[in-house]
Amino acid sequence: MAAPSDILVVAEAADGALASHNYEVLGLARRLADGGGGAVAAVLFGEDANGLAPDLIAHGADSVHVADGGAFATYQAEAWLPDLAAIAKETSPVAILMGHTAMGADLSPRLAFRLETAVATGCVEAEISGGRLLLTRPCYGGNGREVTSFRTTPAIATVKVKSQEPATPDGGRRGDVVAVASVLDPGDIRVRIVGREAGTTGSTDLEQARVIVAGGRGLKSRDGFALAHELAEVLGGAVGASRLPCDFGWCPPSYQIGLSGRIVSPDLYLALGISGAPQHIAGCASARAIVSVNTDRAATIFGHSRFGVIGDCQEVVPALIAEIRKIKG
Amino acid sequence: MRVIVCVKQIPDPEIASSLFKVDEAARKVIPVPGLPMVISPFDEQAVEAALRIKDKADADAVTITILTLGPESALTILKGALSMGADEGVHLCDAALEGADSYATAVALTHAIRKIGDHDLILTGRQAADWDAGVVGCGIAELLDIPAVTLAKDVQVDGPVVRVERVAGDGVEVVKAPLPAVVTVAHELGQPRKASLRETMRTAQKPVAVWSAADLGLAAGQVGEAGSRRTRERLYAPVSDIFCEFIEGETPQQQAAALAHRLHEDGLV
Ligand SMILES: Cc1cc2nc3c(=O)[nH]c(=O)nc-3n(C[C@H](O)[C@H](O)[C@H](O)COP(=O)(O)OP(=O)(O)OC[C@H]3O[C@@H](n4cnc5c(N)ncnc54)[C@H](O)[C@@H]3O)c2cc1C
């Protein structure tokens, strides 16, 4: 019998390991489940994925359903949905959680409609209050927040990456690993992946970077944007951008940080010539410290910054590079 | 071939944050006086994607139908899409349809798509830039039981198949799906075209149907707030409580030195 706080987590593996956001989602799932005496089950799709189940258990899953097979090697909504929907129906959790990643954003709406329920995407808070699950999510580009409840079950939510405390692993935890007897009919897969071009930008580790130098329109040109690269180099950090430099071709589109770009949480985020639109802040608000350089004292970015320099990047940044070289010796 | 593009009218998503105000009691956003409502940017790019398909084909072979659910004012964005070059419009305009969540919106749009009749491709933006949910596109596909492909940066129709280049992290994934299908369009598709003088002059002649919930065969309980599966309990504008320490200095060199010092002191460098 399902408890009123049973949670199902859809895990996401990449390159044979669990992406770090899984631990954040499990941390949240555990807190919600524990509040009502419920259990956390996880679902894991992949090829030879069994080896990852103990990691999910160590991070808080009480059981792991493993759907193992070649059809699950790379994420594809139509391949995952039949088994996922079957597991959800069988276990009737109060909520289904997954990361708000490319996968979660693509999978969760379909799952919601298949299970005749609804989804709240990009959630940053969740609580069970008076027996009801309340989810908080940013809206209006980050200018607003809405708190939503559900009239149907299960409630499905994608959880914004870096919004939750990750679960602390406990190697002593025990849990069941259940092999999923797949109900997938390969004939139901209508969308075919016919090609993949890997990125050439090498900026894949923005999510892991401890220091990020992000450039905005205030860097004025491709040459101006080079200042961001120079500063990042002396700091040993990565380079990111607001949307406009990507649109102008000063840097590759994959550098974009924000609502429709990447979500990062470095210790230090240097924003050069970025105004601080909410859609940009959505991608960097969980940095430990934002430091910004902007000519406009009234720029919104300063309201999110620990330190601010009112000045022209073309003057301040070269001087800053020299000063940091001195410190680093 | 018919391409249906679902578009939504929203407040300008790029207004200064200081202009964003909510009525917490009504759980609604207060419109900024004098500021025009706009087509959601990703939806405008979905219109562009449809026009690029039409440009490549024999113009008469492709009909682009713009579908919007919204109040009377939403006619403006429908006409805007027609003056970019779309052929006809359908406006779901009925007070009963207002206040819908993503589910009730998808239901209404799906009923409209069925009523429009033959269709090969349905395009939407990746998400509407007001609620930022990104649910309706895939929802329509599920309700119609047809494939959906999200985050397109390029959409090509080749006979009975749609070929989509989708944004996938750092790279691109190329997929093919049989038509009819739903494709949601990402910012990476590129700039939408401006309204052309020729198309703007023809807009008055282009047909626009206005349908109510009853026209769609939907009862009051199936649409709008009543037909929703989620309830908005609260809406507020979060405030940042970060105090910014401005780094002083007579010259950029002094500012840079002071900043480097503070960063070092705080262990950030
Ligand atoms: C639906 C939607 C999604 C979006 N998603 C994203 C997203 O994911 N990421 C994102 O970044 N944006 C996103 N945007 C765009 C966002 O709203 C802003 O338009 C964008 O972030 C602005 O970029 P910017 O700060 O570089 O440019 P601007 O807003 O033009 O700011 C430039 C800043 O540089 C300053 N400046 C000018 N000259 C100098 C100088 N010499 N030295 C120092 N400072 C100078 C100016 O004072 C100004 O503050 C999205 C928008 C929408 C509607």
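**The ligand site and its surroundings**

Of the 29 residues around the ligand, those that come nearest are A:S242, A:S260, A:S275, A:N294 and B:E14, where a residue is near a molecule or strand if one of its heavy atoms lies within 4 Å of it. This is a predicted model, in which local features need pLDDT of at least 70 and side-chain atom pairs count only at pLDDT 80 or more, whereas totals for chains, interfaces and linings use all residues. Residues are numbered from 1 along each chain as its sequence is written, chains are lettered from A and ligands numbered from 1 in the order in which they are written, and side-chain values use heavy atoms, with hydrogens and water left out.

**Ligand shell and polar contacts**

- The site is shared between chains, because the residues that surround the ligand come from chains A and B.
- The shell around the ligand divides into 9 nonpolar, 14 polar and 6 charged residues, with Ala, Val, Leu, Ile, Met, Phe, Trp, Tyr, Cys and Pro counted as nonpolar, Asp, Glu, Lys and Arg as charged, and the others, Gly among them, as polar.
- In chain A, α6 (243–247) and α7 (278–284) each supply at least two residues of this shell; helices (H or I, at least four residues) and strands (E, at least two) are DSSP runs, numbered from the N terminus.
- A polar contact is a pair of N or O atoms within 3.5 Å; within protein, one must be able to donate a hydrogen and the other to accept it, and residues adjacent in sequence count only if both atoms are side-chain atoms.
- A polar backbone atom of A:I257 is 2.8 Å from a nitrogen atom of the ligand, while an oxygen atom of the ligand lies 3.1 Å from a backbone N or O atom of A:L259.
- From the side chain of A:H280, a polar atom lies 2.9 Å from an oxygen atom of the ligand.
- Of the 980 Å² of accessible area that the ligand has on its own, the protein covers 90%, with areas taken from the Shrake-Rupley method with a 1.4 Å probe and, for residues, only the protein chains shown counted as cover.

- Strands β17 (residues 289–294) and β18 (residues 307–310) of chain A run parallel and are joined by 4 bridges, and A:V291 has A:F307 in β18(A) as its bridge partner.
- Strands β8 (residues 125–129) and β9 (residues 132–139) of chain A run antiparallel and are joined by 5 bridges, with A:E125 opposite A:T136 in β9(A).
- The hairpin of β8(A) and β9(A) has 2 residues between the strands, and A:G130 in this hairpin takes a positive phi near 55 degrees.

**Two buried positions**

- A:S108, in helix α4 (residues 102–114) of chain A, is buried, with a relative accessible area of 0%; buried means under 20%, exposed over 50%, and partly exposed in between (1.4 Å probe, protein chains only).
- Apart from neighbours within four places in sequence, A:S108 is in contact (heavy atoms within 4.5 Å) with A:M98, A:V119, A:T121, A:I156 and A:T158.
- A:S108 and A:I156 are 48 residues apart in sequence, yet their C-alpha atoms are 7.1 Å apart in space.
- B:V164, in strand β10 (residues 161–168) of chain B, likewise counts as buried, at 0% relative accessibility.
- Among the contacts of B:V164 beyond four places in sequence are B:V149, B:D154, B:V174 and B:V183, and the C-alpha atoms of B:V164 and B:V174, 10 residues apart along the chain, are separated by 5.7 Å.

**Backbone geometry**

- Most residues other than glycine have a negative phi, and most peptide bonds are trans.
- A cis peptide bond, with omega about -10 degrees, joins A:T153 and A:P154, and A:P154 has its place in the loop between β10 (144–150) and β11 (155–159) of chain A.
- B:L179 and B:P180 are joined by a cis peptide bond with omega about 0 degrees, and B:P180 is in the loop between β11 (171–178) and β12 (181–185) of chain B.
- A:D15 has a positive phi near 50 degrees, lies in the loop between β2 (13–14) and β3 (17–18) of chain A, and is exposed, with a relative accessible area of 83%.
- A:K162, which is not a glycine, has a positive phi of about 70 degrees and is found in the loop between β11 and β12 (176–179) of chain A.

Conventions: Two strands pair if DSSP finds at least two bridges between them.
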